[in-house]
Amino acid sequence: MDKIIVRGGTPLRGSIPISGAKNATLPALAASLLSDTKLHLTDIPHLKDVTTMLELLGQHGVSITIDEKLGVEIDGAGVNNTCAPYNLVRTMRASILVMGPLLARHGRAEISMPGGCAIGSRPVDLHLRGLEAMGAKIELSGGYIRATAKKLHGAHFVFDLVTVTGTENLMMAATLADGLTILENAACEPEVVDLATCLNKMGAKIEGAGTSTLRIEGVERLIRAKHTILPDRIEAATFMVAAALTDGDVVLTNTDPTILESPIAKLRDAGALVDVDLDARTIRTRSSGRLRAIDIKTFPYPGFPTDLQAQMLVLMSLSEGSGSVTETIFENRFMHVSELRRLGADIQVRGNTASVRGVGGLRGAPVMATDLRASASLVLAGLAAEGETEISRVYHIDRGYERIEEKLMTLGANIKRVSG
Ligand code: UD1
């Protein structure tokens with residue numbers, strides 16, 4: 001298993017491009033199952049989760065052509081298998097995204113109960129209830145969800161809570177359902193908007209993306225389309241935190257500052273200097289020389305993203321004073337705290353709140369990644385720590401960050417990956 005070894009203390013300087021968003025790529029790939037013609041996607045990031053989704057689509061019978069420069073062309077014409085097996089689904093919870101499209105176009109889907117990051121129980125009950133409201137019959141047996149429907153019909157469904165992949169699953173299913181579907185308390189995440197844009201290019205009729213009410217008028221079939229995936233806001237914000245906590249000066253290119261308002265505001269509150277150029281689609285982040293404690297509470301978009309709280313805990317560990325992070329989306333999402341403590345961070349967790357007291361500095365140590373965003377926080381901590389930090393189980397980070405050590409090396413970080 002690969003390890004990442006970081007020697008901290010170098011201020012990051014330079015410019016790096018932001019990759020396409022993982023969380024927009026996965027549903028867009030799944031959308032190919034809705035169509036019997038080609039979908040051409042560009043700005044697809046090189047990530048383990050993307051490979052897993054392509055593998056899953058391949059075994060459903062989707063034909064896939066990958067061109068490093070031109071992107072990925074996927075063709076759902078030959079879909080002949082509606083089962084998403086345990087060995088693939090267990091590594092990636094987002095595999096559940098194939099359920100809505102398979103059911104809508106092929107009348108059935110058998111999906112292994114999803115796994116993914118070990119951050120709480122993460123049920124999929126709302127995906128299932130929404131599909132039931134659209135006429136699906138759902139059975140759970142042998143670790144599989146078995147969904148069938150001759151033809152889905154439109155429905156009025158109110159989500160009990162905001163779910164990103166739940167919204168995406170039902171939105172995709174509704175594109176081919178008979179009649180109008182209205183989804184309320186829908187997720188407003190930019191990745192949901194990106195999927196709606198992609199589906200509309202494919203001939204779907206979706207209105208209201210980016211608001212909490214989606215109106216989807218079902219169509220007979222989807223058409224050939226081309227779509228460019230939006231830039232990854234979590235990757236961008238992770239590099240912004242890296243710049244701030246190493247006393248660096250980093251310019252991100254190919255980014256979209258408009259979907260980063262909450263992280264940018266919090267970074268500014270924490271003492272980082274952030275300059276945004278909307279026309280050039282760049283963000284420059286520098287340290288003001290003095291980091292201040294802040295309080296953060298995670299919320300669905302446009303609130304502060306849960307996928308960024310682990311990284312912010314590192315920044316706050318190096319700030320003056322005491323702050324807190326309250327996690328409202330997932331239970332059990334503070335597993336990185338015990339590893340950060342090994343580096344000298346002073347963080348106490350009580351219930352869903354982590355209280356952080358800033359310490360003068362961190363010291364390198366061997367640590368272990370526990371989930372995707374937790375592993376990013378350990379890399380950040382290593383960049384700021386004195387001495388060497390060895391991070392094991394970095395396969396978690398490869399699920400969601402494209403060539404993280406190469407991008408950090410470009411910025412001057414002393415970081416390497418070793419196999420072993
Ligand atoms: C997506 C993102 C993930 C991000 C999360 C929250 C993808 C591929 N992943 O995950 O990076 O951390 O949104 O922004 O886009 N819930 C239920 N029942 C359901 C569905 C969800 O109770 O049927 C709960 C979950 O347990 C959690 C909350 O709703 O507490 C939000 O989860 P959800 O938005 O569904 O997360 P994902 O879509 O899996």
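Four strands make up an open sheet of mixed pairing, arranged in the order 2-15-17-16. Strand 2 (13–17) and strand 16 (272–277) are its edge strands, each pairing on one side only. On average, and with direction ignored, neighbouring strands of this sheet are turned by 15° against each other. The model described here is predicted.

Strand 16 and strand 17 (residues 282–287) run antiparallel and are joined by six bridges. Asp 277 is found opposite Thr 282 of strand 17. In general, the strands of a sheet pair through backbone hydrogen bonds, in either a parallel or an antiparallel manner.

## Helices lying across the sheet

Helix 8 (residues 233–245) lies across strand 2, strand 15 (249–253), strand 16 and strand 17, and runs at about 30° to strand 17. Helix 9 (residues 261–269) lies across strand 16 and strand 17, with a direction at about 145° to strand 16.

## The contact of helix 6 with helix 7

The axes of helix 6 (residues 164–175) and helix 7 (residues 190–201) come within 10 Å and cross at roughly 15°. Helix 6 is therefore roughly parallel to helix 7, and the crossing is right-handed.

On the side of helix 6, the contact involves Val 164, Thr 167, Glu 168, Met 171, Met 172 and Thr 175; these meet Glu 191, Val 192, Leu 195, Ala 196 and Leu 199 in helix 7. By class, seven residues of this contact are nonpolar, two are polar and two are charged.

Note on methods
Residues are numbered from 1 along each chain as its sequence is written. This is a predicted model: local features need pLDDT of at least 70, side-chain atom pairs count only at pLDDT 80 or more; totals for chains, interfaces and linings use all residues. Side-chain values use heavy atoms; hydrogens and water are left out. Axes are lines fitted to C-alpha atoms, for helices over the stretch in contact, and angles run from 0 to 180 degrees between N-to-C directions. Helices (H or I, at least four residues) and strands (E, at least two) are DSSP runs, numbered from the N terminus. Angles under 35 degrees count as roughly parallel, over 145 as roughly antiparallel, 65 to 115 as roughly perpendicular and the rest as oblique. A crossing is left-handed if the near helix is turned anticlockwise from the far one by less than a right angle, and right-handed if clockwise. Contact means heavy atoms within 4.5 Å. Ala, Val, Leu, Ile, Met, Phe, Trp, Tyr, Cys and Pro count as nonpolar, Asp, Glu, Lys and Arg as charged, and the others, Gly among them, as polar. Two strands pair if DSSP finds at least two bridges between them.
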